[in-house]
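The sequence and the structure come first, followed by the notes.

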Amino acid sequence: MPDSHAYVLGKPASQNLSLVDAGLTGKGSYKIQAIQKAGIELLSIKRVIMTHTHLDHIGCFAEVSEQLPWAELWVHRSEADLLEKGDERAVYGMDMFREFCQGQFGLKPGAFKCQVNRKLQGGETLDLGDMTWEVIHIPGHSMGSIGLYHRPMKILIPGDVVYSDYAIGRFDLYGADPAGLKESLMRLAELEVDILLPGHNQIVKGLPKGYILKTAKQWEPYLS
Ligand SMILES: [Zn+2]
Ligand SMILES: [Zn+2]
């Protein structure tokens with residue numbers, strides 16, 4: 001299973017940085033090392049914001065949070081409520097996958113039960129390290145998927161909703177909703193995006209105009 005990208009948001013001088021997504025189980029020390037290699041002080045990372053709680057994004061949260069015990073966890077409320085109840089359907093997506101992953105990684109039931117410090121709902125404007133980021137609720141790939149958008153620099157972090165190469169996230173797992181995904185794509189298509197920082201695969205700088213709309217149109221026949 002592929003690891004997800006993790007992004008660090010904020011101006012380093014602010015000492016108020018945010019880690020967006022953690023990554024797959026077992027990748028925690030690699031992520032921490034990569035952050036340190038980039039010259040970022042761990043103490044300046046104040047929170048971890050999840051684009052959604054699939055295993056490839058939240059899997060190594062516990063490992064990361066051992067190194068950043070002060071960091072808060074921010075998640076969209078619909079998936080936050082599940083985490084707090086120890087309901088892991090949104091983490092694994094499907095039963096077969098849960099069994100496979102629990103075997104593969106030695107994960108016990110309840111491994112992802114945790115408190116969420118801030119439950120996002122979409123529509124918030126967050127000041128993250130002297131940068132303003134808008135939270136957009138974009139369900140469809142998962143029920144609590146969020147996008148983060150920095151309007152001044154036209155940067156979009158869409159989680160697993162849209163990738164490079166006209167690809168979109170899968171829409172067959174627990175909490176997914178093809179019609180909702182179409183709506184979310186149309187919502188993102190309204191934004192001016194220059195830099196696309198997706199959950200996997202290539203990062204795109206200089207995203208062609210109309211890229212997300214074109215992607216949504218290509219997938220439309222499958223999203224109803
Ligand atoms: Zn996902
Ligand atoms: Zn993913």
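In this predicted model, the site of the zinc ion (ligand 1) is irregular, with angles of 91 to 169 degrees among its 4 donor atoms. It is not classed as tetrahedral because that label requires all angles to lie between 85 and 135 degrees.

**Zinc donors**
- Four residues supply the protein donors of the zinc ion (ligand 1): His52 through NE2, His54 through ND1, His141 through NE2 and Asp160 through OD.
- These donors lie 2.1 to 2.3 Å from the zinc ion (ligand 1).
- Along the chain, the donors of the zinc ion (ligand 1) have the spacing H-x1-H-x86-H-x18-D.
- Distant parts of the chain are linked by the pair histidine 52 and histidine 141, which are 89 residues apart.
- Histidine 52 sits in the loop between strand S3 (45-49) and helix H2 (55-58), and histidine 141 in the loop between strand S7 (132-137) and strand S8 (146-150).

- Histidine 52 counts as buried because its relative accessibility is 1%, under the 20% cut-off.
- Histidine 141 also counts as buried, at 3% relative accessibility.

- The zinc ion (ligand 1) and the zinc ion (ligand 2) lie 3.4 Å apart and are bridged by aspartate 160.

**Helix H8**
- In helix H8 (residues 211-219), the buried residues are Tyr211, Ile212, Thr215 and Ala216.
- They are on the same side of H8 because they cover an arc of only 135 degrees around the axis.

Notes:
Residues are numbered from 1 along each chain as its sequence is written. Chains are lettered from A and ligands numbered from 1 in the order in which they are written. This is a predicted model: local features need pLDDT of at least 70, side-chain atom pairs count only at pLDDT 80 or more; totals for chains, interfaces and linings use all residues. Side-chain values use heavy atoms; hydrogens and water are left out. Donors are N, O and S atoms within 2.8 Å of the metal (3.2 Å for Na, K and Ca); water is not among the atoms, so sites may look incomplete. Four donors count as tetrahedral if all angles lie between 85 and 135 degrees; four count as square planar and six as octahedral if opposite donors are over 155 degrees apart and all others between 65 and 115; anything else is irregular. Helices (H or I, at least four residues) and strands (E, at least two) are DSSP runs, numbered from the N terminus. Buried means under 20% relative accessible area, exposed over 50%, partly exposed in between (1.4 Å probe, protein chains only). The arc is that of the directions from the helix axis to the C-beta atoms.
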